Amino acid sequence: MKVSEHIFLNPLFGLIMPPSKLTDEKLRQIQELAIHWGKIAARRAIEQAGPDAQLDFQAMEQIAAAAARGVTEGTIEALCQQQDQQLPEAVPCPECGKLVPLKHQQRPLAVEGAEILLDEPVGHCPACRRDFFPSKDDSALG
Ligand SMILES: [Zn+2]
């Protein structure tokens, strides 16, 4: 397969399209779902603290923040994994166009409200001695 065909057939190509966003209505539905998760987290916190425990507002905020961090972590992780599955095993080097295999490296990433360990796809071209990130760097597609 020629490189140009590879790019054409490459699901990565979709990543240079404008990123699709969910509508406000769909985001609101997800928020409503997360409200239920918050209630589950509250029940767990009460179980752990004991039914007679007196939680002040600061403690409640801490519990809510921990729950929010967990939801953020899990959501971003799952979405990134889903995007990764759409990547091919090899991508063209943005410099010379040679197909190089994609590897994964872990990178800490600060996101709103949490820090996650991202399993990031990275291409390395031995000829050009450069690394590139196909999901982040549109120029990877030439
Ligand atoms: Zn190269």
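Helices here are DSSP runs of H or I with at least four residues, strands are runs of E with at least two, and both are numbered from the N terminus. Residues are numbered from 1 along each chain as its sequence is written. As the model is predicted, local features need pLDDT of at least 70 and side-chain atom pairs count only at pLDDT 80 or more, while totals for chains, interfaces and linings use all residues.

**The surface patch**
- The nonpolar patch is formed by L33, W37, I40 and V71, with about 340 Å² of accessible area together.
- Such patches are made of residues with over 30% relative accessible area and no salt bridge, with nonpolar side chains (Val, Leu, Ile, Met, Phe, Trp, Tyr) joined within 5 Å and like charges within 9 Å.
- A salt bridge would be a side-chain nitrogen of Lys or Arg within 4 Å of a carboxyl oxygen of Asp or Glu.
- I40 lies in helix α2, and I40 is partly exposed at 46% relative accessibility.
- Buried means under 20% relative accessible area, exposed means over 50%, and partly exposed is in between (1.4 Å probe, protein chains only).

**The zinc site**
- Four protein donors, C93 (SG), C96 (SG), C125 (SG) and C128 (SG), lie 2.3 to 2.4 Å from the zinc ion.
- Donors are N, O and S atoms within 2.8 Å of the metal (3.2 Å for Na, K and Ca); water is not among the atoms, so sites may look incomplete.
- Along the chain, the donors follow the spacing C-x2-C-x28-C-x2-C.
- C96 sits in the loop between β1 (90–92) and β2 (99–111), and C128 in the loop between β3 (114–125) and β4 (130–132), so this pair ties together parts that are 32 residues apart in sequence.
- C96 is partly exposed at 44% relative accessible area, and C128 is partly exposed at 27%.

**A buried aspartate**
- D84 is found in helix α3 (residues 57–85) and is buried, with a relative accessible area of 18%.
- Leaving aside residues up to four places away in sequence, D84 touches H104, D119 and P121, where contact means heavy atoms within 4.5 Å.

**The whole protein**
- The protein has three helices and four strands, in the order α-α-α-β-β-β-β along the sequence.
- Of its 142 residues, 20% are buried.

How values were computed: Heavy atoms only, no water. Areas by Shrake-Rupley, 256 points an atom, 1.4 Å probe, with all protein chains shown as cover.
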